Structures are given as C-alpha cells and as structure tokens.
Amino acid sequence: MLFLHSNAEETVSNSFVSAAQKAFAPLKSREHAHSSALYYCTSEINLLVMDGCAQMCKCFLILFNILFALLGFGLVALGMWLRFGAETRGFFDIDLNTTQFNIGVMVLVVTGVLMLLVAIIGDCGACNHSKPALSVFSGLLSVLIIIEIAAGVMAFMWSGRVADELVKFYTTIYAQYLNTRSPGQAVTLRLFHNAFDCCGVGGPIEVFVRDTCPDGNFLKQISYSSCPGVIKDVFNSHAPLVLGGFLGTAGIMTLALVCSFVLRRHISPSHASPPSYVLLTSSPSVIFPPPAAQQI
C-alpha cells in the first residue's frame with residue numbers, strides 16, 4: 001500500500017508540473033514578444049532623436065566622403081601616371097637633379113592613399129552608426145586639416161622660391177632638349193607650354209622649340225610670351241588665390257569634422273551595438289503544495 005501511495009503522489013505531481021508548463025508557455029512567448037516590441041520602440045525613438053541636424057550631418061558626411069574618395073583616387077592615379085606613364089617617363093630619365101619632382105609625385109600618391117583611407121572609414125562610421133569609426137575618422141581628418149592649412153601658408157610664403165625652382169627646372173629641360181631632341185623632354189616642354197600658355201625662352205621669336213608650343217594661327221603664335229617670365233608672374237599673382245583655395249578646402253573639412261562630432265553625440269548605445277536578448281531556456285519554477293495523502 002505504501003508503494004501504491006508513492007506512485008500516486010508522483011503521478012499527481014507530474015501532472016501538475018506538466019499543466020503548469022502548458023499554462024506558462026503563452027506567458028513566456030508574450031514576454032519575448034514584449035521585449036522585441038520594446039527594442040523596436042526604442043529604435044524608433046532613437047531614429048526620431050536623430051532627425052533634423054543629425055540626419056543632415058549624416059547625409060553631408062556620406063556625400064563628403066564620396067567626393068573625398070574620388071579626389072584621393074584621382075591624386076593616386078595622377079601620381080602613378082606621372083611616375084610610370086610612358087608619356088612622362090622622360091621626367092625621370094633626364095640627367096639632372098629632379099629630387100623635388102620625385103618628392104612631389106610621392107606626396108601626391110601618399111596624400112591620395114590617406115584621403116581614400118579617411119573616406120572609407122568615414123563612410124563606414126556614418127552608415128553603420130559606429131562611434132569607434134567616427135572617432136578614427138575625426139582624428140585623421142584633424143591631421144589633414146592641419147596639413148592643409150600649413151601647406152597653404154607655406155605655398156603663399158614660398159611662392160617666389162617655388163617659381164624660381166620651376167623656372168630652373170624648365171630652363172634645364174629646354175637646354176637639354178636642344179642638344180638631344182629626346183621625345184620625353186619634348187613631352188615635358190609641351191606640358192609646360194600648354195599649362196602656362198607660353199612658348200620657349202624667346203616667346204614670339206622662339207624658333208628652336210616651336211614644335212612643342214601650343215597650336216594656333218600665326219597671330220596667336222607670335223603673341224606667346226617667354227615661359228620663364230610667365231611662370232614667375234603666375235606664381236606671384238596667384239599666390240593669394242592659392243592660399244584661399246587651401247583655406248577654403250580646410251574650411252569644408254572642418255565642417256565635416258563638426259558633423260562627425262554631432263553624429264557621434266546622437267548615436268545611442270542601441271545604434272552602436274546590436275541588441276542583446278536573454279532567452280529563457282527553463283520554465284519558471286512553480287511550487288505546488290503536495291497532494292493530500294489518499295487513504296486506501
């Protein structure tokens with residue numbers, strides 16, 4: 001009889017536990033749905049908070065980084081073309097000290113790669129609402145702004161020295177072309193003549209390098225000026241314009257930096273990290289009073 005009494009108690013207890021699990025299953029599913037709905041509502045509230053200024057900053061950052069990446073890619077392509085292009089290979093094959101030109105080409109490539117890196121990090125931070133990416137983007141952009149301002153000031157202060165070095169470079173190529181008639185040096189002279197709209201050292205009376213001067217009718221050809229004088233005049237007259245261009249570019253980059261700070265402040269933890277859910281793997285503990293002993 002004791003054995004039958006124990007089996008009856010165990011059977012009744014198991015039936016009560018099974019019934020309790022079935023009763024609490026809808027509550028468990030509703031709790032999970034409630035947590036999902038709560039996260040959804042929080043995300044919607046965060047999106048509403050990011051409206052207005054933060055959304056404008058996000059769009060500006062994306063557009064700025066796309067243009068920044070295109071400009072960086074253009075600088076890298078220009079540097080590679082100047083260094084390895086068949087038409088510009090004569091720059092590096094002429095027998096003179098071209099350290100300044102080599103340094104200039106390397107600066108183009110390094111600057112382009114750095115701009116591409118900054119643009120990629122900035123776009124990732126703006127699109128994914130990543131605070132670490134925006135922090136790295138802000139730091140690199142700050143360094144670029146300082147370099148931009150310093151380069152503009154140096155270009156303005158040393159415009160005369162840069163013009164003298166460029167005139168020296170041009171006259172050296174001009175003299176060597178008269179002796180060698182090298183195709184690479186001819187390409188170099190054509191680039192100078194088309195860029196500064198000049199012709200040789202003699203200007204309108206130039207006869208030695210007339211084949212490298214810009215095309216035009218007879219009246220236009222006799223109106224060309226001497227290249228050394230034109231190069232100096234261009235650098236001296238356009239030095240304030242060059243400084244303004246550098247400072248204007250630095251101003252746009254500063255605006256992007258401010259937008260990065262604004263966007264970082266409006267990013268909530270739910271945007272910065274994925275939601276965490278706690279899944280209930282065990283049913284809630286329910287304590288039922290032991291069934292009354294049945295008398296047999």
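This is a predicted model: local features need pLDDT of at least 70, side-chain atom pairs count only at pLDDT 80 or more; totals for chains, interfaces and linings use all residues.
## Helix α10

Helix α10 covers residues 239-266.

Several positions along α10 are buried, including Ala239, Leu243, Ala250 and Met253. Further along the helix, Ala256, Leu257, Cys259, Ser260, Val262 and Leu263 are buried as well.

## The nonpolar cores

The largest nonpolar core holds 24 residues, of which Leu61, Phe64, Phe68, Phe137, Leu141 and Met253 touch the most other members. Two or more residues are contributed by each of α2 (53-84), α4 (99-128), α5 and α10. The largest share, 7 residues, belongs to α10. Another core lies apart from this one; it has 15 residues, among them Phe169, Tyr177, Cys198 and Val230.

In soluble globular proteins, nonpolar side chains tend to be buried together.

## Contacts of Leu61

When neighbours within four places in sequence are set aside, Leu61 is in contact with Asp123, Ala126, Leu134 and Phe137, among others. Its partners also include Ala256, Cys259, Ser260 and Leu263, four residues that are buried in α10.

## Gly139 in helix α5

Gly139 is part of helix α5, which runs over residues 131-157. Its relative accessibility is 37%, so Gly139 counts as partly exposed, the range for that class lying between 20% and 50%.

Gly139 and Leu257 stand 118 residues apart along the chain, yet their C-alpha atoms are separated by 9.0 Å. Leu257 is one of the buried residues of α10.

Methods: Residues are numbered from 1 along each chain as its sequence is written. Side-chain values use heavy atoms; hydrogens and water are left out. Buried means under 20% relative accessible area, exposed over 50%, partly exposed in between (1.4 Å probe, protein chains only). The expected span of a helix is 1.5 Å times one less than its number of residues. A nonpolar core is a set of buried Ala, Val, Leu, Ile, Met, Phe, Trp, Tyr and Cys residues joined through side-chain atoms within 4.5 Å. Contact means heavy atoms within 4.5 Å.
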